[in-house]
Number of protein chains: 2
Amino acid sequence: MPKLEDVAKRANLSKTTVSRVLNNRGYLSQKTIDKVYQAMEELNYHPNVVARQLYKNKTDLIGILLPTVANPFFGELTAFLEDDLYQQGFKVLIGNSMNNPQKEADYLQQLLIKQVDGLIVGTHNQGIEQYHQSGLPIVAIDRIMNEDIPVIASDNYRGGILATERLIERGAKKIIHTNGPNDLETPAKRRREAYEQVMKAHNLSPITYEVDFNITPADKVKILRRIFLEHPDVEAIFASNDTDAAQIMQIAQNLGRQIPRDLLLIGYDGTQIVRELLPQLTTVIQPIDQMAKKSVAVLKQRLAQESTKKEYLLPVKLQEGTTG
Amino acid sequence: MPKLEDVAKRANLSKTTVSRVLNNRGYLSQKTIDKVYQAMEELNYHPNVVARQLYKNKTDLIGILLPTVANPFFGELTAFLEDDLYQQGFKVLIGNSMNNPQKEADYLQQLLIKQVDGLIVGTHNQGIEQYHQSGLPIVAIDRIMNEDIPVIASDNYRGGILATERLIERGAKKIIHTNGPNDLETPAKRRREAYEQVMKAHNLSPITYEVDFNITPADKVKILRRIFLEHPDVEAIFASNDTDAAQIMQIAQNLGRQIPRDLLLIGYDGTQIVRELLPQLTTVIQPIDQMAKKSVAVLKQRLAQESTKKEYLLPVKLQEGTTG
DNA sequence: TTGTAGGCGTTATCAG
DNA sequence: CTGATAACGCCTACAA
């Protein structure tokens, strides 16, 4: 690997001059510029990014810490984030915590150490201390971390209202909701709040099933199946996400219940892929693209030491399918 | 940010000694070790990764260049790759080319420059010169690049046979196949070869529709719809991937054709998410986990300057749903 | 318009 | 067992 010095020697110039050409800084004669470019060509020279990073004390790298890009929501989110960040001159380091606190802590420890200039987090683990003392610019997506980390989320409360009211409008009275564990401080909890408030406002009793994130698919099916066992008269389900909704569709089918005739169903997220594969599913669309864009924008503010709001809410939309 | 020197000063030692403690190298008295650790604690010191990278001339970063993690296949692949690489002590830099040659070239130029220790590529663009002269260890997934870059792929030929024979066994004669553009040098082409050979072996005429990768969803629907217009008597379709298969399901439904009664359908890929959302879809499962594992293993061989085979084929499996 | 010298934070060699 | 010193490759005051 040739270095600056090699180029300089070949062009009969100093390292400084070559560096100047590289960064077009200061006055340079055209002749010098040409000589330098020629020498670079001949040697197939490329500047060493790491050396630059060391000097500049920045890496132009942004870390993205999420449960897993295998999940459509996070996959699509990552794609949008990557695209935005790329436009802004950043590259992306990913860490998939797989809901494993150990792995998450590990990543954090490593990323916080000057490896990245900033961090976008959307993991589900609670109370990882390191976030606090890091000093690294961070934004959180759909996850409340602590006072000084801004949160980007969709308007979960409104989403909960849209879904619940729609089910009620369509005549359902016994409506069940699934959500994540209630002890997790996440904006998604507001869907549950909205659901419960709407139900009560209509004199209906809310019933929420809590489904943990990191359980096996088999266990999840078991929990969802329980809904039907424990509430055979259920008329509608507002699921916490589209894949759960899909599972519920299978289960209902196995139990001989036709959707929407015997059961109304509304999901949540509305990712591109789900809309392609299950266009019949009624769901609440989170504006993943906008969430990504906003996250990057807020992170840039943080990087520039500008102050930010504590929370940014993006609008949701009801996607009308045939299931609910 | 405190540095080695600060720790040294605080512990009344030299940088050398502190560095030794950090990397437990050489002989050290317990007392010294304790002092160093204490000083590090007090200062909340963390070694600067970039400085290390510069000295060691390696980053422990692996680049993954793919069309987009928003696609379930690549999303799941990325998740597995990340997990494997993490186990091996690497971190992952992603680049989503979005099938944009400009962006891909851009990424390459940047990544090849000592920013990553190795590269895993699965993009669809042809003839990007830089791959050749890079000298960087590279492996390609499902994509033929050039002679000295090993390819990891599933056994596409066998997949093509499994799907086609199944459709024939189930009584279909007029079977249509969709595939990517034929001028692309990709292992996926072998599915088409297999399809055409099996068809001919049964005295049936193969018909392949070529579907470009980077076209709008609307255009894709148009092409797929054409199948039914141009071949109203089509009895079965072997789609090049599951999302296309899903589209075909919608179209068939809109045209009043019941699957599997009026049309048999087999997809390809068998990602986790598709199996969850569309369990009824018969499809050929690519062993994404194994492909990831093998890619990482081969990349490690390359990094260790060991020689590798040119191609690694992993076994596929037919997932029997109800559509075909 | 170009060159010299010192530093970014770490590690390794070699001496003590 | 520990310390001084020179590298890793680049960038920028400051000088010329």
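The residues of the surface near DNA strand D, where near denotes a heavy atom within 4 Å of the strand, divide into 10 nonpolar, 10 polar and 6 charged; in this division Ala, Val, Leu, Ile, Met, Phe, Trp, Tyr, Cys and Pro count as nonpolar, Asp, Glu, Lys and Arg as charged, and the others, Gly among them, as polar. The model is predicted, with local features requiring pLDDT of at least 70 and side-chain atom pairs counted only at pLDDT 80 or more, whereas totals for chains, interfaces and linings use all residues. Residues are numbered from 1 along each chain as its sequence is written, chains are lettered from A and ligands numbered from 1 in the order in which they are written, and side-chain values use heavy atoms, with hydrogens and water left out.

Of the 26 residues around DNA strand D, those that come nearest are A:Leu4, A:Arg52, B:Thr17, B:Arg20 and B:Thr32. Sugar or phosphate accounts for 61% of the atoms of DNA strand D within 4 Å of the protein, and bases for the rest. An N or O atom in the side chain of A:Arg25 is 3.0 Å from a phosphate oxygen of DNA strand D, and a polar side-chain atom of A:Tyr45 lies 2.7 Å from a phosphate oxygen, while for B:Thr16 a polar side-chain atom lies 2.7 Å from a base nitrogen. Two or more residues of this surface are given by each of helix H2 (15–22) and helix H4 (49–56) of chain A and helix H2 (15–22) and helix H4 (49–56) of chain B, and the largest share, 4 residues, comes from H2(A). Helices (H or I, at least four residues) and strands (E, at least two) are DSSP runs, numbered from the N terminus.

In chain A, 6 strands form an open sheet of mixed pairing in the order E7-E6-E8-E9-E10-E12, where two strands pair if DSSP finds at least two bridges between them. The edge strands, E7 (207–210) and E12 (317–319), each pair on one side only. Strand E10 (residues 282–285) runs antiparallel to E12(A) and is joined to E12(A) by 3 bridges, with A:Lys317 as the bridge partner of A:Ile285.

A:Gln247 is placed in helix H11 (residues 242–254) of chain A and touches A:Lys220, A:Val221, A:Leu224 and B:Glu276, not counting residues up to four places away in sequence, contact meaning heavy atoms within 4.5 Å.

How values were computed. A polar contact is a pair of N or O atoms within 3.5 Å; within protein, one must be able to donate a hydrogen and the other to accept it, and residues adjacent in sequence count only if both atoms are side-chain atoms.
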